[in-house]
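Morning, everyone, and thanks for coming. Let me put the structure up on the screen before I start talking.

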Amino acid sequence: MKPPPFEYYAPTSVEEALAHLSEHGYDAKALAGGQSLIPTMNFRLAQPSVLVDLNNISELFFIRPDENGGLRLGAMTRHSQVERSSLISERAPLIYEAMPKIATPQIRSRGTFGGSIAHADPSAELGAISIALGGRLRLQNQTGERWVPANEFFIGMFTTLIEPDELLVEASFPNMPPRTGWALQEVARRPHDFALVGVAAVVTLDNNNLCKKARIVFLSVGDGPVEAHQAAEALIGQTLTPEIIHAAAEMAATADIDPGSDIHASAEYRRSLAGVLTRRALEVAFKRAKGSSKFDK
Amino acid sequence: MRHFFDVSVTVNGTRYERTVEPRLLLSDFLRHDLGLTGTHVSCEHGVCGSCTILFDGQPVRSCLMLAVQANGHEILTVEGLGTSDDLHPLQEAFWEAHSVQCGFCTPGILMTLVPFLEENPNPNEEEIRAAISGNLCRCTGYQHIVDGVKLAAKKMSASL
Amino acid sequence: MTKKYIGKRIKRSEDPRLLTGEALFVDDVEIPGMLHAAFLRSDYAHAYLKSIDISAAQALEGVVAVFTTETMGDDWQPGPPLVSPPPTVEDVIFHSRTQVPLVKDKVRHVGEPIAIVIAENRYIAEDAVDDIVVDLEPLDVVVDIEKAMQPDAPLVHDDLDSNLAAHIKQEKGDYAAIREAADLIIKRRIVIDRGAAAAMENRGVVAQWDAKSQHLTVWDTTQAPIPIRNGLAARLDLSEHQVRVIAPFIGGAFGPKMMMFYPEEMLIPWVSIKLDRPVKWIEDRYENFYATTQERGQVHDAEMALTYDGRILGVSDVFLHDSGAYDPYGLTIPLNTQCHMMGPYDVANYYSESKVVFTNKIITTPVRGAGRPQGIFIVERLLDLAARELGIDPIEIRMRNLIPPDAFPYEHKIIDQAFAPLIFDSGNYKPVLEKAADMIGYDQFVKDEQPRLRAEGRHVGIGIVPFIETTGVGPYEEPG
Amino acid sequence: MATGVGTQGQGHFTSFAQIVADQLGVDVRDVILVTGDTSEFHWGTGTFASRGAVVAANAINASAKRVREKILALASKVLEAPEDELELAEGVIRVADIPRISITLGELAILANPLRGAVEPGTEPGLEATAYFGPQYGAIAFGTHAMILDVDPQTMMIEIKRYVAVEDCGTVINPLILEGQIHGGVSLGIGNSYYEKLVFDDNGQLLNASLVDYLIPTAAEVPRIEVGHEETRSPLNPLGSKGVGEAGAIPVPALFAQALENALPEYDLEILEAPLSPNRLFELLREKEREL
């Protein structure tokens, strides 16, 4: 289990990194934390001929507040920084809550926020959460940059909108409106395993406790993060009674997703879990939205 | 065609300069190029935790890093923690609590716990179990390891 | 003798070295000029080997040698059987088919080694493995042990009439007769699946041949250094004094490191002599899943005959045991299963029939438990179902059947894994069962806690299982 | 001390040393064991079937006893006192009633050196002995394990809340090491009950050949294990010991099945397989729901 040979570059700026990517195109792979790429190379399942190591690019490591009460994270920010950040716990508690569920402490020391998103593993929490929070992602190449909403970023299994000459450099998350609640529910065999099913839910209530906005995003039930649009729509304008929540959860599990089977869980079991977890996530999110004074103005 | 890189790295306080192929894993570099065989290798896909070292003070899987990435950085391995004549308090506690059976996973567990105990000097059982949940042990069932960590926490806070 | 130490909680003398990384494990052995090995392993479970082209691998910079069955010449021989069949039981069928160093004509499981590459380092050796071109003609595959026994199943070993590797019957009393007299028969099909030992340290071998002194030193992650030395000496045509086998600190074993000879265990010393260079092979985790032995796969048709008051009259069981592609370890596992299927109970009538089956899977040999968990699973499951049927408390039905303390030594009239009679030497079972029930707070849990938690919507359950372990088995013949 | 068995974490360096230290009256840390090196010992099979504490330990006990006999015989001559008046403790042989008449084991060992004319017909040089032990048949250990678990029938997730293991493996040499053996065995047993299954497809391909997909229990899954002891000596060997190496793993799948059925009485489940994954539990519960 030793990686095959490759050419190696360790640029110290984004500009330099983009030059290497542009030169080598599809032959090159950007090396972020390496916690998914290196094992894949050790198994020789991935054999990139060029590695562009981003770990020396200091401009990609940051967690910053933005002026609108939101957040900006540099793509190379390590999970271990995120999980210890008070700014994250304050402005993006859903991300904060998810961190201990992401792999193991040692992986989190090295793994990066942007790396996880760009890798686009359908079982990864951060992709689903980025969509649930309405995040945006900044992609850069030698000629310029573009901002992509997280819900448009993922296009398939391990596949995103990132072009071979592009780099994901930053993620940004908007301010969470008042009366917003959040939850992440997962079932995993062991705490740090990829979840059999996971779901992130974010709901916002109006002053009459009616649901104004809802977003429900699954992991591990498709080729990427899967948004439960119909279930979310069914909540709008409703009082979130147990019956309404239950119905929405059922809709999410039956109409919004089409999970697959693997050695750990059949499609039927995944569907069942999706229903249970959506219900639980919505209950928690609803309770938090009602009770949250923290974000009230 | 193989190309090579010069690497200068400080391990356990000693500076080493070597020339490496970029694909050389940090775990292999430590074990075979530097002869620091206390860091063990078991899965090489980042699950078992045997190869855990401290990289600039952070616990990392050395099998998921390239040696070339260590250039200019500081590493601590189990050899830098204590010697059999002068054990680190955590090693002492592991000895007393019978936290070791075959001892293969032990160095990785120790290196995971050193920064953990610095951050959480008085952890409870659940926190300890979460802290080592990225380290597989096939011999102990973990209980005596957890006991060792509790004992170490007690010893270390008493010595402050 | 004063008992100053025996029975005391003495901390371990070996720990300081293990805690500091000073202890020597096989992969820590470094010898100047040492070469490294990697294997080309089959991607197919069952296939004819048509041809191998090693030219590109040989041409790779840093590659020293590539060996195949063909290049091994007369040195290619199947491994010796580790344990022979029991001589004392009548009508035993046993077809000994032992593993081979490298595939000759036919691949029999995924991961079986086809070629060995020796290179400057493991990285290059793995590159060269990728450069070997091998032509395999896939065959129908035998995976499921029940299907393996069907008349039209493909054959793992073409020279046999079926995939039956072994067949052994053991009997005590007269189960068929007592079955007629029983108040209750519990009959079920019970399946136990395969698992891995997965010691944290994978296997490894380092061999150093010293041509001047005509002496071979081998560091091996083995549980059995002396038999390995003897076997190597025999195979390599050396005297036992010319071979030194060292099993240094071993990073967990749990059974599979007792298996011998693994192909690699024979090949690495052979290559070291051939090339007159030290050679190291360290199994990686991926290989560990494909090349290190596994255990537990069995399918049982089991039944228990009881009286209305829950007394076991007899146990009968016919089971298939998955041997994998070869059967070097003989009948050890199925014999252990047979010896544990009556548990700690006073069972007068017993019928057990075991069929060992070849499949296109990795070889099975004992993994911690070694057939025992299967036996206990059978008897305890049947007893639980009987208790439910009869409305008897799970502890009570067990108490009624335990071998009483005055019955020891208690002879079962069957043989154990060492072919010695299965005799329970001593025991006082009731206090142990009572202590366990007491420590877990059985009565209190069932009376108070469980109803309270159930009322809260929680689903909590309690279990209690007594068991025996046959240990310290007796005189063993050396293999080979 | 040299033995033919190998060692893989069972603590032989210590438990075997305890036996020798007691026989020879020396500090346990002064007893150095060599295992697994064929240049040090020539006969033996290996470490398996829980043989260490039974077969090897009794061979070691027997050889230490013979060395003790040699020590006392030679010391009796040197100290000019009958053997039954000698005491052996802390590495020194003393005449019981006259403690100042003594000799250290080291000094005595030098006197046993054949180069110094210590050898008389019928005696052997040195203070060493080799012994072998082969029991006629195996010793049968006994135990009972108990568990309480909590299952969520909506997600099929199971948590073991309490675990008790009571063992009777005859004479206990080192309870600390014994407990460690049980903990480790139970941990594997939990794997065999709920986590660890090698999955092969119809082509004989292993579908979970990595530690990502083959699930070994971590510290978060293995509960605290409360260990109790009873002691019924084995009559088959002088130490009275029985093995315990595999014990921990043996009852767990059966125990797990019983506790799980007990937790879900409304389903009237029959668990007839091990391991049982949550996916399989889901299927079993669905089947029962359809039946009901």
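First, some housekeeping. This is a predicted model, so to speak, with local features needing pLDDT of at least 70 and side-chain atom pairs counting only at pLDDT 80 or more, while totals for chains, interfaces and linings use all residues. Residues are numbered from 1 along each chain as its sequence is written, and chains are lettered from A and ligands numbered from 1 in the order in which they are written.

Let's begin with chain D. It has six helices and nine strands; these are DSSP runs numbered from the N terminus, H or I of at least four residues for helices and E of at least two for strands. Its C-alpha atoms fill a box of roughly 90 × 45 × 35 Å along the principal axes. In chain D, 59% of the 292 residues count as buried, meaning 20 or more other C-beta atoms within 10 Å of the residue's own, with C-beta atoms placed from the backbone.

At what angle do helix 1 and helix 2 of chain D pack? About 30 degrees, for residues 12-24 against residues 52-79, with the axes 9 Å apart. So helix 1 of chain D is roughly parallel to helix 2 of chain D, the label for angles under 35 degrees. Among the residues making the contact are Phe16(D) and Ile19(D) from helix 1, and Ala56(D) and Ile60(D) from helix 2; contact here means C-beta atoms, placed from the backbone, within 7 Å.

Over in chain B, helix 2 (residues 89-96) and helix 5 (residues 143-158) pack at about 135 degrees, their axes 8 Å apart. That makes helix 2 of chain B oblique to helix 5 of chain B. Helix 2 of chain B brings residues including Leu90(B) and Phe94(B), which meet residues including Leu151(B) and Met156(B) of helix 5.

Finally, the interface: 27 residues of chain C are in contact with 33 residues of chain B. On the chain C side, helix 1 (residues 15-19) gives the most, with five residues.

Definitions and conventions. Axes fitted to C-alpha atoms, helices over the stretch in contact; angles between N-to-C directions. Parallel < 35°, antiparallel > 145°, perpendicular 65-115°, else oblique. Contact = placed C-beta atoms within 7 Å. Buried ≥ 20, exposed ≤ 12 C-beta atoms within 10 Å, placed from the backbone.
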